[in-house]
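Please consult the sequence and structure shown below alongside the text.

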Amino acid sequence: MNTPVYSNLEEKSHHFNHKIINSKEELDELLETWSMKDDSKRYIFRGVNNAKFKLYNSGQRAWTGQELEKLGKSYQEFIQQEIDYAKAFQSNLLVKFFNAFGHNAYDFSILSFLQHYGSPTPLLDFSYNFECGLFFCMDGMSHYASEDIDNYFSIYAIDTNQSDLISILNHLESNTKNIEELLSKHGNIDVDDSEVLNNLENLNYSRLEELRLFYLPGYQDRGTRFTIPSRPGFQLVYNQHNLNIINQEGLFVFNSDSEHPLEDYFNDGKFTSFNRTFSLKKIHCWDIHKSFGEYILNRLSYKGITRDFIYPQEEFIALSAFKNFKGL
C-alpha cells in the first residue's frame, strides 16, 4: 500500500499557509527574509525534495507502506519493540555508549539514534536554520520537466510559539515541579514514587506517546538538567548526541499517530474527529520550482552549507586531521 501524497498544488494549498515560488524575484525575497539568523529559535524548518509528499514520519511510512499491522501488533508496540531491541543489542551496547557520556539511555535518546541511522520512528527531522532546511530540499532531488506538483520541492516552517505545541523540556519541567509539590505536601510520610520517577527519569516512550504531539529540542551546551530537591538521587539531563544534529541545528517533532500526517494537527483551530485537542496555526509551506535548485545550492555552498557540513562523518574528521598535518 502506497503512502498517500498530494495529487496537485491546488489540493495541497488547502492544508497549509501556502505560497508557490515561480520566479527568481520571489525566491530572492524568500531567501532574504528567512535566511537571517533567528537566535530565538521560534521557527523550525523542514525541507522536502518533492512537493507532493505529505509530512509523514518514517514510522508512519513503514507502517502503511509495508502493511505492518498484518503482523498482529499495534503501532505503539511496533515502536516500543524497536526501542527495546536496540537497547538490548549486543549486551546493551547503546546503553553503555550513552552511559559513557554520563546520560541514561532514554527511550527518546534511542529513538533519536534509530532515526539518525535509518530505522523507522515517530520522529520527523526539522532544523532551526532555514538554510539547512533548504539544503534538504536539494538532497536526493531529481528534476525532469513534468506537470504541476512534481516540478516543485517544499520548505516548511512551524511557529513553535503556540501553547498547544509543547517542547519535551516544558513537559519535563512541569512534571518535576508537580512531583516536588506533591512530595512536599506529604511531608515525612513515606510515598512510593518509584514508578513515577522511573518513567520520568527514563523518558519512557509508553508514557510520552500519550501526549501525541510535541517537539524535542536539539543539542544544547551541557544539556538541560532537571532535579527534584526532595529526591536528591533523581537525575535527568536532556540533550541530543550525534554529530549531524549539531551542524544541522536539528531537532525532532514527535507524532504518535499511525496514519495522520503532521499537517493534520495544524488546521487553524478547526477541530475534527481526529484533532479534538490541538488548536494550531497552519504550517507555512513554500513550494519552489525545481529549476532553481542549482542557484540555491550555489548560495548555500558559498555559506559553507555543503554535504560534508550537513553530514559530518567520523572517518572524514579523522582523515582531515591527518591530511592537515601533511599540508594537503
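Gly293, Ile296 and Leu300 are the buried residues of helix H11, which spans residues 293–302. Buried means under 20% relative accessible area, exposed over 50% and partly exposed in between, with a 1.4 Å probe and protein chains only. Viewed down the axis of H11, these buried residues fall within an arc of 70°, so they line one face of the helix; the arc is that of the directions from the helix axis to the C-beta atoms. Glu294, Asn298 and Tyr302 are exposed on the other side of H11. Helices (H or I, at least four residues) and strands (E, at least two) are DSSP runs, numbered from the N terminus.

| Element | Residues |
|---|---|
| Helix H2 | 24–34 |
| Helix H6 | 130–138 |
| Strand E4 | 152–159 |
| Strand E9 | 284–289 |

Just after H11, Gly304 adopts a positive phi of about 85°.

Thr64 lies in helix H3 (residues 58–65) and counts as buried because its relative accessibility is 15%. Beyond its neighbours within four places in sequence, Thr64 contacts Met1, Asn2, Thr3 and Ser258. The C-alpha atoms of Thr64 and Met1 are 6.5 Å apart, although 63 residues separate them along the chain.

The mean pLDDT (the predictor's confidence in each residue, from 0 to 100) of the protein is 90, and 97% of its residues reach 70 or more. Confidence is lowest in helix H8 (residues 194–201), with a mean of 79, and highest in E9, at 98.

Residues are numbered from 1 along each chain as its sequence is written, and side-chain values use heavy atoms, leaving out hydrogens and water. In this predicted model, local features need pLDDT of at least 70 and side-chain atom pairs count only at pLDDT 80 or more, whereas totals for chains, interfaces and linings use all residues.

Methods:
Contact means heavy atoms within 4.5 Å.
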